[in-house]
Number of protein chains: 2
Amino acid sequence: MCLPGTIEAVREDLEGPGVSRRALLAGGGAAALAAALPGTAEAMAPRRSRRRSTRVTDLTHTFRAGFPVYSGNPPARKTLVSIEKNGFYAQEWTFGEHSGTHMDAPGHFVAGGRLVTKLRPQELLAPAAVIDIRARAASNPDAAVTPDDLRAYERRHGRIPKGALVLMNSGWAAKVNDPAAFKNADAGGTYHFPGFGLEAVDFLLRRRAIRGIGVDTMSLDPGNSKTFDVHKRLLGADRYGLENVANLSKLRPRGATVSVGVIPWEEGSGGPCRLLAFG
Amino acid sequence: MCLPGTIEAVREDLEGPGVSRRALLAGGGAAALAAALPGTAEAMAPRRSRRRSTRVTDLTHTFRAGFPVYSGNPPARKTLVSIEKNGFYAQEWTFGEHSGTHMDAPGHFVAGGRLVTKLRPQELLAPAAVIDIRARAASNPDAAVTPDDLRAYERRHGRIPKGALVLMNSGWAAKVNDPAAFKNADAGGTYHFPGFGLEAVDFLLRRRAIRGIGVDTMSLDPGNSKTFDVHKRLLGADRYGLENVANLSKLRPRGATVSVGVIPWEEGSGGPCRLLAFG
């Protein structure tokens, strides 16, 4: 455990051009996080003055009225009370669970599958691996993450760790404020945006024992899927998916830990969550 | 950074009677969290085999229909689609922002105060200090956290760290499934449940530079407050509060770090959040 007062010694990690796009941990968080890891705080004590702060990256879109949804109505809000009239301010929200940055729990597609309240807290903290398919997605909106993408990642960044959250960065998050571009529907109404391919997910489940996957688009499957094979395979394996993940271009490809702050919605098929990445 | 494969070495921290009430981190989370702290992973490498896992404690109540609210309508849910009829399952929710385990952002009481989307990610990770007033609250539902409580805490557990989240454990969370007992209204409609006293909050803001406070009841102020002095003082100081915090009896008094997973509700006065404590 760090001694009282240690945290004052934590300094901002101002490391150049990236700083304005990265949230840096000021105050007690970094030292406390270190103290929370048994065995590490003691090791850190002698090097206290050299310690750098922990970066916190927000992987969550603002949950807003009109956020593009795969089906059904987008979220809506209204003002309930105001400081002027009531002395305090609050809104009311109405939305389907698969709105904004959110989780698909196993029970979203699997009859009898675990609902969101059944996920254990320790399942909500996982090391991140970011698979960058931006170049391919820029020319092909139907691009899917393949086993080749995973092999290329591992050659460069090392083996995807057990229990990882594997996140697809297709660059699609940049379109989120333009629902038509984000959905990219053709004349027949079929969506065209990137997602995971079934083979890649099968590899991750069988060979890498991952915790889950996440995408920066509206669906774990590519938008043109009619069969939702990836949903069925992943959720059928009792793992969770995350959709509409934000800011993946700000996250390093490996080494960060994601806290999956999903609200424990009663009987929830998943639902809105706050994703924060540390490190 | 930990080497690929390190995480497999992480073992469960089975430490006796407490284990069934504590969520223990299995899989990659602990190693990844260590790797996320610059300077610690290297220090940990030689002691890898001795490393213990990080505990994750959920401080969040299930967000359920009918959850007791201070004013307005409690949350409601309905089934939108089902696996039987539609191939997938999802619900719709309607609720006021101050439902369930939730945040009060500065703008909840302060005209022009920051709304929830304006909180920086690094403000959402803070060391916890748990102030236990269960004994006094058991005999007096109007009990408030006082400077004496804070002094007693510091004598026993050391100085409250800068940037801390100071959490009142009054034992009230045990009543959450009985709205009448949780609100404890008298014949005149005045609530009676514990909260923070103004003097204690003033001390924490002036002398300890805290990040925020949290309570296991419906309001930062004691239930019988008509003036909401603590809300006004805390939010007026641009700090946030957390209400309906769960499971504080499972958290150690100091040394844990809380991830405040509040959804970034557009124009939000605060709102539902997932609170996870590490360590």
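Student: At what angle do helix α7 and helix α8 of chain A pack, and how far apart are their axes?
Tutor: The model is a predicted one. In chain A, helix α7 covers residues 198-207 and helix α8 covers residues 229-236. Since angles under 35 degrees count as roughly parallel, α7(A) is roughly parallel to α8(A). The packing angle is about 10°, and the axes are 9 Å apart.

Student: Which residues of α8(A) meet α7(A), and into which classes do the residues of the contact divide?
Tutor: The α7(A) side consists of A:L198, A:V201 and A:D202. Facing them in α8(A) are A:D229, A:V230, A:R233 and A:L234. By class, the residues of this contact are 4 nonpolar, no polar and 3 charged.

Student: Are α7(B) and α8(B) roughly parallel or roughly antiparallel?
Tutor: In chain B, these two helices pack at an angle of about 10°, and their axes are 9 Å apart. An angle under 35 degrees is what the term roughly parallel requires. Therefore α7(B) and α8(B) are roughly parallel.

Student: Which residues of α7(B) and α8(B) make that contact, and how many of them are charged?
Tutor: From α7(B) come B:L198, B:V201 and B:D202. From α8(B) come B:D229, B:V230, B:R233 and B:L234. The contact has 4 nonpolar and no polar residues, and the charged ones number 3.

Student: Over what arc around the axis do the buried residues of helix α7 of chain B lie?
Tutor: The buried residues of this helix, which covers residues 198-207, are B:A200, B:V201 and B:L204. Residues three or four places apart in an α-helix point the same way, because there are 3.6 residues a turn.

Student: Which residue just after α7(B) takes a positive phi?
Tutor: The place to look is just after the end of helix α7(B). The phi there is about 45°, and the residue is B:A209.

Student: Is B:T54 buried or exposed?
Tutor: B:T54 is placed in the loop between α2 (40-44) and β2 (55-58) of chain B. B:T54 and B:A256 are 202 residues apart in sequence, yet 9.9 Å apart in space, C-alpha to C-alpha. The cut-off for burial is 20 or more other C-beta atoms within 10 Å. With 28 C-beta neighbours inside 10 Å, B:T54 is buried.

Student: Is B:G189 buried or exposed?
Tutor: B:G189 belongs to the loop between α6 (179-183) and β9 of chain B. A residue counts as exposed at 12 or fewer C-beta neighbours. B:G189 has 7 inside 10 Å and is therefore exposed.

Student: What is the phi of A:N184, and where does this residue lie?
Tutor: A:N184 lies in the loop between α6 (179-183) and β9 (195-196) of chain A. With 20 C-beta neighbours inside 10 Å, this residue counts as buried. Although A:N184 is not a glycine, its phi is positive, at about 55°.

Student: Near what value is the phi of A:N247?
Tutor: A:N247 is found in the loop between β11 (240-243) and β12 (254-262) of chain A. A:N247 is buried, because 21 other C-beta atoms are within 10 Å. The residue is other than glycine, and its positive phi is near 60°.

Student: How many helices and strands are there in chain A, and what share of its residues counts as buried?
Tutor: Chain A contains 8 helices and 13 strands. Among contacts in chain A with a separation of 6 or more, residues 24 or more positions apart account for 73%. Of its 279 residues, the buried share is 56%.

Student: Over which residues of chain A is the pLDDT below 50?
Tutor: The mean pLDDT of chain A is 86, and 81% of its residues reach 70 or more. Where pLDDT is low, the predicted coordinates should not be read in detail. The stretches with pLDDT below 50 include residues 1-28 and residues 34-51.

Definitions and conventions
Residues numbered from 1 in each chain as written. Chains lettered and ligands numbered in written order. Predicted model: local features only at pLDDT ≥ 70, side-chain atom pairs only at ≥ 80, totals over all residues. Axes fitted to C-alpha atoms, helices over the stretch in contact; angles between N-to-C directions. Helix = DSSP H or I, 4+ residues; strand = E, 2+ residues; numbered from the N terminus. Parallel < 35°, antiparallel > 145°, perpendicular 65-115°, else oblique. Contact = placed C-beta atoms within 7 Å. Nonpolar A, V, L, I, M, F, W, Y, C, P; charged D, E, K, R; others polar. pLDDT = per-residue confidence, 0-100.
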